[in-house]
Amino acid sequence: MNISIVTIGKLKEKYLKQGIAEFTKRLGPYAKIDIIELPDEKAPENLSESEMEQVKVKEGERILAKISDDTHVIALAIQGKQKSSEELAADLDKLATYGKSKIAFVIGGSLGLSDQVLKRSNDKLSFSKMTFPHQLMRLILLEQVYRAFRINRGEPYHK
């Protein structure tokens, strides 16, 4: 399985880089992991609604340019469906069973994802109703994908 994480923004924090490297390494036997970092749109702090929309559209265009037509897209969005680790594992197992070997998880920038990206998505996944920094979501997502593979293989993993 080929899993891409298409994400807006550069990762700066050393501890997050270390955690992401660790889970990317752990996932090696299960899947090819590709993290695609795209630049965030520079914008001042106080944006109008239309300016926020413009930022999301520009970031969305960058995201969509990195996703091929045959990729199953899962957008991380606060309005997405919340799932247990076992449900995510079952979803990934079904995708593999039905020949969907290219999966892209999409993490938007600080303003979220554009409507175009949400429309292109096959699924929308929410980790919580809380807001998390998008950089931290990379680590949380990789850990959950790793956990999903362990669940699907019947391998032990801490609860």
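## Close-up views

**L118 touches A75, A77, Q79, L113 and K124, leaving out residues up to four places away in sequence.** Touching, or contact, here means heavy atoms within 4.5 Å. L118 belongs to helix α4, which spans residues 115–120. Helices (H or I, at least four residues) and strands (E, at least two) are DSSP runs, numbered from the N terminus. With a relative accessible area of 11%, L118 is buried (buried is under 20%, exposed over 50% and partly exposed in between, with a 1.4 Å probe and protein chains only). Look also for G60: this residue and L118 are 58 residues apart in sequence, yet their C-alpha atoms are 9.2 Å apart in space.

*A note for all views.* This is a predicted model, in which local features need pLDDT of at least 70 and side-chain atom pairs count only at pLDDT 80 or more, while totals for chains, interfaces and linings use all residues. Residues are numbered from 1 along each chain as its sequence is written, and side-chain values use heavy atoms, with hydrogens and water left out.

**L111 sits in the loop between β4 (102–107) and α4 (115–120).** Beyond residues up to four places away in sequence, L111 touches L47, M52, V55 and K56.

**I5 is a residue of strand β1 (residues 2–8).** I5 is buried, because its relative accessibility is 1%. Setting aside residues up to four places away in sequence, I5 touches D34, I35, I36, F105, I107, L141 and L142.

**The largest nonpolar core has 29 residues, and I3, L27, L92, F105 and V145 have the most contacts inside it.** A nonpolar core is a set of buried Ala, Val, Leu, Ile, Met, Phe, Trp, Tyr and Cys residues joined through side-chain atoms within 4.5 Å. At least two residues of this core come from each of β1, α1 (14–27), β3 (72–82), α3 (85–97), β4 and α5 (134–152). Which element gives the largest share? That is α5, with eight residues. Apart from neighbours within four places in sequence, F105 is in contact with I3, S4, I5, V6, I74, L76, L92, L125, L141 and V145. A second, separate core of 14 residues includes V6, I63, I67 and L118.

**The axes of α1 and α5 come within 9 Å and cross at roughly 20 degrees.** This makes the two helices, α1 and α5, roughly parallel. Axes are lines fitted to C-alpha atoms, for helices over the stretch in contact, with angles from 0 to 180 degrees between N-to-C directions. Angles under 35 degrees count as roughly parallel, over 145 as roughly antiparallel, 65 to 115 as roughly perpendicular and the rest as oblique. On the α1 side, the residues that meet α5 include L16, I20, F23 and L27; among their counterparts in α5 are L139, L142, V145 and F149.

**The axes of α3 and α5 come within 8 Å and cross at roughly 75 degrees.** These helices, α3 and α5, are therefore roughly perpendicular to each other. S85, E86, L88, A89, A90, L92 and D93 of α3 make this contact with Q144, V145, R147, A148, I151 and N152 of α5.
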